[in-house]
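Biologist: I am new to this one. Please show me the structure, and then I will ask about it piece by piece.

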Amino acid sequence: MGYNRVLDIDAGGYTAYSATAGHACVSEHGSAGQFQEAFDRVELTAQGRLSLFHAHDLTRYEFERRLEWEPGCRIHRQPDADALLNFHAFAEVFAENYAFFGLRGVDWEAVCAAARRRLGPSPTGALLLDVMQEMIAALADLHVYVASPDRKIRSVQVARGPRQALRTIFDLPTPQLSARSTTEMIAARLRDTLLADFAATLDGFRQAGNEVICWGTLCPGVGYLSLLRMFGFAATAAARNADDLPHRLSEAGPFMAADMSCVQRILDEAMADLAQHEALIVDVRLNAGGFDRAGILLCERLLDKPRTVYRKKARCQAGFTEPQSLTLAPAPGPRFMKPVYVLTSPFTQSAGEVFALAASAIPTVTLLGEPTQGILSDNLFHRLPSGWEVSLSNEVYETLDGRCFESVGVPPALPLPMLGAADLLSDLRAGLRIAVEAAAAQRSRR
């Protein structure tokens with residue numbers, strides 16, 4: 001229920017459709033073997049209700065058995081470039097699924113009416129893209145975009161945070177933090193830039209997972225663990241070169257399996273190395289997101305007993321799906337049970353924010369820094385009749401007392417001075433020093 005998905009399954013495999021009340025488009029085909037790679041924990045009740053997960057992931061999806069398509073739903077098995085048809089499909093998928101019109105102060109009906117007038121009676125595809133760009137700009141949502149073969153338009157052109165200053169510090173080829181080239185540049189300079197104040201005491205510094213994760217001793221009694229993104233850890237060409245997560249589910253499953261297996265091995269090593277310390281600093285200030293589960297695996301290394309850390313629900317036409325609570329169990333491998341300080345910033349986004357949200361529910365964890373970017377929802381990918389891909393935010397992540405941090409970011413318990421463009425590197429270093437001072441103060445109280 002929710003998520004605008006239809007699955008057609010038989011002995012030979014599956015066809016997945018992205019659908020609204022008025023249209024449905026093929027998003028992917030797969031064999032029976034690819035179905036097993038795409039989905040797991042599959043259950044089918046006698047009443048015909050199907051429950052499954054994307055392979056290795058955290059969210060349960062439920063389907064009701066239908067013998068035929070809803071009346072009035074037009075099925076597109078081949079691309080249709082008609083601009084007005086695609087405009088109406090685009091307007092409809094947001095109207096049914098986008099979760100934050102009220103939060104972001106957008107009257108979608110009014111936006112659509114103005115856009116329809118601008119399109120006129122026979123618009124071109126190029127004009128349609130221009131109009132769509134104006135429509136989604138009002139949402140100011142980094143997870144919203146439309147991708148055509150010729151052009152990709154985004155709701156937000158420049159994300160929060162002093163991005164140009166960050167590019168200058170690390171000589172980045174692109175401000176897109178999830179890009180592999182960006183990760184490589186930051187990882188190569190992390191020790192000599194961000195950690196420079198601790199050059200005299202830095203010990204046991206290690207990097208792993210294609211340099212996405214690093215850890216070591218900052219100073220006596222204080223450990224450090226940094227994650228630059230939440231994917232691309234595995235020793236595979238796909239992981240090493242990835243700028244984004246695979247969108248095809250039968251590819252995402254094996255990719256994620258390799259990544260999570262690698263993360264578990266790295267955390268076994270890192271937690272064993274860091275166990276000697278009285279406090280741990282986890283730095284996700286430059287974390288570009290990826291798989292929620294990567295951050296959750298780290299949270300499980302900080303638990304003494306099972307804990308429910310957040311809830312989430314998805315927009316579903318006029319309402320929302322039933323909330324799903326995520327309850328974590330302590331990891332079987334090495335864990336860190338002493339005080340943990342998680343550093344966040346406006347650069348912390350998507351799955352990095354979900355990690356911060358989950359970690360904030362753990363009693364030994366203190367968040368410090370600035371609010372995160374404010375795009376916690378997973379991307380809901382939707383195929384238009386033209387074949388263009390749309391991404392939108394349909395999920396509401398909430399604390400157990402019902403707070404939602406979409407658009408405003410997960411707030412720190414201990415706010416730090418805002419990262420500025422004038423001297424960003426000094427600000428980043430100062431934040432780390434403050435975290436070490438907080439850890440040292442905690443150590444003295446123990």
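Predicted model: local features only at pLDDT ≥ 70, side-chain atom pairs only at ≥ 80, totals over all residues.

Biologist: Which are the edge strands of the open sheet?

Modeller: Seven strands form the open sheet, with mixed pairing. Their order is β10-β11-β12-β13-β17-β18-β22. An edge strand here pairs on one side only, and that picks out β10 (203-208) and β22 (414-415).

Biologist: What angle does the direction of helix α10 make with that of β17?

Modeller: Helix α8, residues 249-274, touches β10, β11, β12 and β13, and its direction makes about 5° with that of β11. Helix α10, residues 351-359, touches β13, β17 and β18. Its direction makes an angle with that of β17 of about 145°.

Biologist: Which residue of β21 stands opposite lysine 313?

Modeller: Strand β14, residues 307-316, pairs with β21 in the antiparallel sense over four bridges. Both faces of β21 (395-398) are covered. Glu395 and Tyr397 are buried on one side, Val396 and Glu398 on the other. The residue opposite lysine 313 is valine 396.

Biologist: Which element gives the most to the lining of the largest cavity?

Modeller: The count comes to one cavity of 30 Å³ or more, and the largest cavity has a volume of about 40 Å³. Its lining includes Leu190, Tyr224, Asp283 and Asn287. By class, that lining has seven nonpolar, two polar and two charged residues. With three residues, the element that gives the most is β12.

Biologist: Which element gives the most to the lining of the second largest pocket?

Modeller: That pocket holds about 1000 Å³ of space. It is lined by 33 residues, and the closest to its centre are Arg5, Val6, Phe63, Glu64 and Arg66. Two or more lining residues come from each of β1 (5-10), β2 (13-19), β4 (39-44) and β6 (60-64). The most, five residues, come from β1.

Biologist: How many charged residues does the lining of the second largest pocket have?

Modeller: Sort the lining by class. It has 18 nonpolar residues and five polar ones. Arg5, Glu64 and Arg66 are among the lining residues closest to the centre, and Arg and Glu both count as charged. The number of charged residues in the lining is 10.

Note on methods:
Residues numbered from 1 in each chain as written. Heavy atoms only, no water. 1 Å grid on protein atoms, 1.4 Å probe; cavity = no way out; pocket = protein on both sides within 12 Å on 5 of 7 lines; lining within 4 Å. Points joined across faces, edges and corners; volume = space filled by probe spheres on them. Pairing = 2+ DSSP bridges. Contact = heavy atoms within 4.5 Å. Axes fitted to C-alpha atoms, helices over the stretch in contact; angles between N-to-C directions. Buried < 20%, exposed > 50% of the residue type's maximum accessible area, 1.4 Å probe, protein only.
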